[in-house]
Amino acid sequence: MKPVATLSRRRALQFFAGVPMLPLSSAFAGSFLLAGCGGDDDEVAAPAAPAATLSSVSFSSMPAPTLADAAAMATTTVGSVMSVSFSDSSKVDFKLAYQPFFVTGDMVSDGNGGKILAGGYVDINNQPIIDATVSGKERQFFSDAPDGTSLLKIDGAKVAGVKGNTVFAVVQFEYTTWALDGKSDMYGKLPSPIAVLTLDQDPATGKLTLVKYHNVDTSSVSGLWITCGASLSPWNTHLSSEEYEPNAFTAAGETQFKAFSKNLYGNETAANPYNYGHLPEVTVNADGTASIKKHYCLGRISHELVQVMPDNRTVFMGDDATNSGYFVFVADKEKDLSSGTLYVAKVGSGFSIDPAAAAAPLSWIKLGSATSSEIKTLASTLKATDIMDVKTADPLDATYTKVNANGKTEWIKLKSGMEKAAAFLETHRYASLVGASMGFTKMEGTTVNIKDKVAYSALQNIQDSMVKGGKYNTVDNGIALPAALKAGAVMALNLKGGQKDTSGTAINSEWMPVDTKALITGEDITADALGNTANPNKIANPDNLKFSEKMRTLFIGEDSSQHVNNFLWAYNIDTKALSRVMSIPAGGESTGLHAVDELNGWTYIMSNFQHPGDWGSIHSVVKTTLDPLIKTNYKDKFGAAVGYLTAEPTQTKLKKA
C-alpha cells in the first residue's frame, strides 16, 4: 500500500481545484477538515490516487414560491441544489444560497476610513445629486436598478484591508425608478454610476467580503446613459452598455433628456445626445480604482450587452429595442475596440421560433469602417439634421424611404456624403435604410459557447414588429411570424469563418453568426391563480444570458411582465434540462449575471436584481400581501441587492473513495 499523504487545511481544498466549486461557508470548511483528520486542526488525510475528473454539473429545479409562503415571494429565494458528478461515478451536492454584498442605499466602506452611498448618483463634477422632492427629507439619489457585473482579478493587486486574495467586481447601475416622493418618474433622468468593488476572497472558503467601494469618474466620457447589461472582455476589462440611445432629432425638447442634462451638467441643454448610446469600457487598476473610455465606432444602438469572441476582435451585440437587429463589430486589432468594421444582419427565409425548425440563414451588410476618434469628432460637430431628414408623416416624395425604426414608422432621406455619420450615429435608421432585418422585438443579452462555436441571444418579447401584419413589421425583411409569443425565446446562432458581406467582400473573422434558430421558448397562458400570464415552469421574457463552459450551462435571467416573480434559470445544453435556480423579489428583474468558471480555484454565479415591488397588472393578486414585506426588506422599495450565489454542501467532505 502506498503511504497516505497529508495536506494542510489550505491544500485540502486546493486538491480539488479542477472541480467547479461555489464558495463554501466557513462552517462547512471547518467541518470538512475536522471530519477528514479526526479532529486535528492542521492536517487532513489525502487520497493516494489522483482525484477523479469532472464529468458534469446539474442543478435541481426549485418550486416557484406562492402566497403560502409570502415571505419567500418578497425576497431572493434559492432552493436549488448544484450537483457535481465525477468520472468515478461519484457526486457532490451543494445547496445553493444567495449572498448580497449590499443593498443599494447602504453606507459602505470607501477604503479610506470613510463611508460612501452604494449606488449613489453624482454629477459631472462627482458631486452628489440630491433628491429634494420631499421637503425636510432631502438625500442623495441612489439606484434601485443595479445591473451588469464583472468579477475579475488583477495581477499585483494590493488594497488595504484585504486579508486573503484581492479580487474586484465592477457593477453598473442602470437607473432609479422613482424619486423619494413616489410620484416623480426618474427613469433615464440621472447619469448612471459605475463602481469598482474591492473584495476579500477567503482562500479557504471562497467567500467574498466587500472591503472598498470606488465610484468610477465618468466625466471624461460625458457621463453614462442607462447602463444595462455588461460582460467581461477576454482581456479582463468590463464592457458596459448604454441602451435606448436618445433620439437626436427630438432630445432637445424631451423632458427625460433635459432632466438628464440638468442633473449631469446643471443645465438642460449641455448634454449632446450623440455622446450616448455607445460602448463604455472600464479598466480596473491594482488599487481598486479604474479608468473608463467610450467607444463610438460600434454603432449607436440600444446596447444591452456585448460578447467578445475568443479571437479578441469579433463583438456580437445585443440590441434592446423595438425594431432591433443583429449587429457585429470586427475590430482591426486584437484587444482594441477603438477601430473596426460594423455589420448588420439580413435574415433569410425560414425564420421560426419553433425549436424543431431548421435555422434561418444570416447574411451580413457592411455599414462602414471607422475609428472611435473620428466618430466622436462627428458626434461633436454634427446635428441630426446634418445627417438625414426624418419625417413622421408620409411626405409623398419618392426620394424618401419608409422605414420602421425604434418602434416608429418614419420616412427618411440621407444627406449627401453622410453615409459614415449615419452608420455610426444614426445606426438604427441607417440599417433600416440599407435593407437590414430590423424587426426583432427587444434583442437582449448575448453570450457564447466557445467549444461548440454557438452564440446565444435573448428575445425578450416576440410580438408586433416580428409578426406578419403586426405593428411596425417590415415586409420582406425575413421576420414575419404567424403569431406572437410575448413570453419570448432564446436563439442559438452558429458561428463560422470564411464569410463574405452582401457586396462580396470577405469578413475578417472566424466567429460570424451564419444562421439563427430558437433554442428554448416561453409559453403564454391565460392568467393563473397567482397572476402569471406565462407558464411559470418555463422561461418568460429572457434578458440576461451567460454561459459557463465547464458547467455546459446557459444561465438565463428574466425581465418579465408575465411572471409574478422573475427567475434565474440554468439550462444544460447537453441534457436540455431547465432548472429554476433562484426567485427574485416580486416585481423585480433578474440582472447582473456573470458566470465565472474559475477565480483562484472557485466558481461564482454573480447575480443582482432591480426594482423590487414594481407592480404591474399581473400583481393584483399578490400586491396587498407583498408590498409591506418588500418595503421592509428593501428600503421602502428604493433598494436592491448586488451579490452572488454561494453554497453549503449537504455532505461534509469532497474526498473520493
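A polar contact is a pair of N or O atoms within 3.5 Å; within protein, one of the two must be able to donate a hydrogen and the other to accept it. The views below are all taken from a predicted model.

Figure 1. Thr314 belongs to strand β20, which covers residues 314-324. A polar contact of 2.6 Å links the side chain of Thr314 to that of Ser509. The side chain of Thr314 also makes a polar contact with the side chain of Asp311, at 2.6 Å. With a relative accessible area of 1%, Thr314 is buried, because buried means under 20%. When neighbours within four places in sequence are set aside, the residues in contact with Thr314 are Gln307, Val308, Met309, Val328, Phe329, Val330, Ser509, Trp511 and Met512. Ser61, in contrast, is 35 Å from Thr314, C-alpha to C-alpha, and the two are 253 residues apart in sequence.

**Figure 2. Charged side chains over aromatic rings.** Trp511, one of the residues in contact with Thr314, has the charged end of Lys453 over its ring, 4.7 Å from the ring centre. In a second case, the charged end of Arg580 sits over the ring of Phe567, at 4.4 Å from the centre of that ring.

**Figure 3. Strand β17 and its pairing partners.** Strand β17 spans residues 279-284, and five of its six residues are buried, so the strand is largely enclosed by the rest of the structure. Strand β16 (residues 238-239) pairs with β17 in the antiparallel sense through two bridges, and Leu239 stands opposite Glu281 of β17. Strand β18 (residues 290-295) also runs antiparallel to β17, to which six bridges join it. Within this pairing, Thr283 has Ser291 of β18 as its bridge partner. Five residues lie between the strands in the hairpin of β17 and β18, where Gly288 takes a positive phi near 85 degrees.

Figure 4. The structure holds 17 aromatic pairs. Phe59 lies in strand β3 (residues 54-59) and Phe555 in strand β33 (residues 553-558), so the pair ties together parts that are 496 residues apart in sequence. Both Phe59 and Phe555 are buried.

**Figure 5. The open sheet that contains β33.** Five strands form this open sheet, in the order β4-β35-β34-β33-β32, with antiparallel pairing. Its edge strands are β4 (77-78) and β32 (542-548), each of which pairs on one side only. Two bridges connect β4 to the antiparallel strand β35 (residues 578-583). Val78 has Met582 in β35 as its bridge partner.

**Figure 6. An aromatic cluster and two buried cysteines.** A single aromatic cluster is formed by Trp225, Phe257, Phe260 and Tyr276. Of the cysteines shown, Cys228 counts as buried, with a relative accessibility of 2%. Cys297 is also buried, with a relative accessible area of 0%. With a cut-off of 2.5 Å between cysteine sulfur atoms, the count of disulfides comes to zero.

Key
Residues are numbered from 1 along each chain as its sequence is written. This is a predicted model: local features need pLDDT of at least 70, side-chain atom pairs count only at pLDDT 80 or more; totals for chains, interfaces and linings use all residues. Side-chain values use heavy atoms; hydrogens and water are left out. Buried means under 20% relative accessible area, exposed over 50%, partly exposed in between (1.4 Å probe, protein chains only). Helices (H or I, at least four residues) and strands (E, at least two) are DSSP runs, numbered from the N terminus. Two strands pair if DSSP finds at least two bridges between them. Rings of Phe, Tyr and Trp (its six-membered ring) pair if their centres lie within 6.5 Å; planes under 30 degrees apart count as stacked, over 60 as edge-to-face and the rest as tilted. A charge sits over a ring if NZ of Lys or CZ of Arg is within 6 Å of the ring centre and within 35 degrees of the ring normal. Contact means heavy atoms within 4.5 Å.
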